[in-house]
Amino acid sequence: MVWGVVAALVANVLYSTGFVLEKRALAGMPPLSAAQPGRALLLLAGRPLWICGAVALALGFAAQLAVYRTLPIAAAQGLFLSGLVLLLVLSSVVLGERPSGRERRAVAVIGLALVMVVASLYETSEEISRTAPTGILLALCLPTLAAGLVLYAAAERRARRRHRQPTTGVAYAVAVGLIYGVSSLAIKGVSGHLDTEDLPGSVPAVLASPYPYLLLLTGVSGLVLSQTALQRCRASLIVPVCSTVSCVFSIVSGTIAFDEPMPDDPLRLLLRLGGTVLALTVLLTLPRHEANTPTPEGTRS
């Protein structure tokens, strides 16, 4: 369990660093559009700083594989939320972003939710599942992917309206979080099929499962949509909301799909569920629009 916690903290550092580097690179690029994914990918590939951020994220995914082999998915996702603190620090120092007092309080509450989830792990011996029935997995993942894409498209339509309030990007972040939540389930599935003592020999089993294809689909779509959202909105808002949505979806759906039992002890169960509900409640109370930045009369966004 200790190695799983260490791997989760390493993944958090890599994720936070990667997102901040990508956001920094996006600032000097032409506007990206999710409707033109090919053009967006070509523009991104031409930015060395962005590539460094993408490499950091890829290494974070590799660390995530190690986490899922040693910790239940519910506990792993709770640990991943701790990276939000580092993300806020980096976005303030490197990007000059200034989260509002309300957003800082929200992250503090998410930190409390993290402590609750970690406390539910203390001296636990929960079973770690490796695979999920394909039918159940697809029944959970495909509607979620569709919901994420529909929500993102709706946010795009609202963004094109005249005289709209400047958005904080919560809708974008929720949409991307749903997509990355599916990606988390795919990563857990891949990790369960990998044999650390015979990696080449485990490749056929991985390819025969739906996990690598879900990972490819969510990786490409999540990449384009997340970069478009990051370019338009603050990383200090986009990433925490995205992470919270991904965490909650992964805990609920992953526990069902992989049939990992929740804690038997009532106190542990209360901490695990309470931390998840608390994080979700914070998400629902975040402001949808930037304060005190009205759009000038007669302009089009």
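**View A. Lining of the second largest cavity.** Helices H8, H10 and H11 each supply at least two residues of the lining of the second largest cavity in this predicted model. Helices (H or I, at least four residues) and strands (E, at least two) are DSSP runs, numbered from the N terminus. The lining consists of Phe 19, Ala 173, Val 176, Tyr 180, Ser 226, Leu 230, Ile 238, Val 239 and Cys 242. By class, eight of these residues are nonpolar, one is polar and none is charged. Ala, Val, Leu, Ile, Met, Phe, Trp, Tyr, Cys and Pro count as nonpolar, Asp, Glu, Lys and Arg as charged, and the others, Gly among them, as polar. The volume of the second largest cavity is about 60 Å³, and a search of the whole structure finds five cavities of 30 Å³ or more. On a 1 Å grid over the protein atoms alone, a cavity is a set of points where a 1.4 Å probe fits but cannot get out, whereas a pocket is an open set with protein on both sides within 12 Å along at least five of seven lines; lining residues have an atom within 4 Å of a point. Grid points are joined across faces, edges and corners, and a volume is the space filled by probe spheres set on the points.

Residues are numbered from 1 along each chain as its sequence is written, and side-chain values use heavy atoms, with hydrogens and water left out. Because the model is predicted, local features need pLDDT of at least 70 and side-chain atom pairs count only at pLDDT 80 or more, while totals for chains, interfaces and linings use all residues.

**View B. The largest pocket.** The largest pocket has a volume of about 600 Å³. Its lining holds 30 residues, and Tyr 15, Phe 19, Leu 57, Phe 61 and Tyr 180 lie nearest the centre of the pocket. Two or more lining residues come from each of H1 (2-26), H3 (48-70), H4 (73-80), H5 (83-93), H8 (170-193), H10 (211-232) and H11 (235-257). H3 gives the largest share, six residues. The lining of the largest pocket divides into 17 nonpolar residues, twelve polar and one charged. Phe 19 and Tyr 180 are also among the residues that line the second largest cavity.

**View C. Helix H7.** Helix H7 covers residues 134-159, which is 26 residues. From first C-alpha to last, H7 reaches 37 Å, close to the expected 38 Å; the expected span is 1.5 Å times one less than the number of residues. The buried residues of H7 are Leu 137, Cys 141, Thr 144, Leu 145, Gly 148, Tyr 152, Ala 154, Ala 155, Glu 156 and Ala 159. Buried means under 20% relative accessible area, exposed over 50%, and partly exposed in between (1.4 Å probe, protein chains only). H8, H10 and H11 are among what covers these buried residues.

**View D. Gln 231 in helix H10.** Gln 231 belongs to helix H10. Leaving aside residues up to four places away in sequence, Gln 231 touches Lys 23, Leu 26, Met 29, Pro 30, Pro 31 and Leu 32. A contact means heavy atoms within 4.5 Å. Gln 231 and Glu 22 are 209 residues apart in sequence, and their C-alpha atoms are 9.0 Å apart in space.

**View E. Leu 41 in helix H2.** Leu 41 lies in helix H2, residues 37-45. Leu 41 counts as partly exposed because its relative accessibility is 33%. Not counting residues up to four places away in sequence, Leu 41 touches Leu 223 and Val 224.

**View F. Leu 59 and Val 89.** Leu 59 is in helix H3, and Val 89 is in helix H5. Leu 59 is partly exposed because its relative accessible area is 46%. Val 89 counts as partly exposed too, at 45% relative accessibility. The C-alpha atoms of Leu 59 and Gly 18 are 9.4 Å apart, and these residues are 41 apart along the chain. Val 89 and Ser 16, 73 residues apart in sequence, are 9.5 Å apart from C-alpha to C-alpha.

**View G. The whole chain, for orientation.** The protein has twelve helices and zero strands. Of its 301 residues, 48% are buried. Among contacts between residues at least 6 apart in sequence, 85% join residues at least 24 apart.
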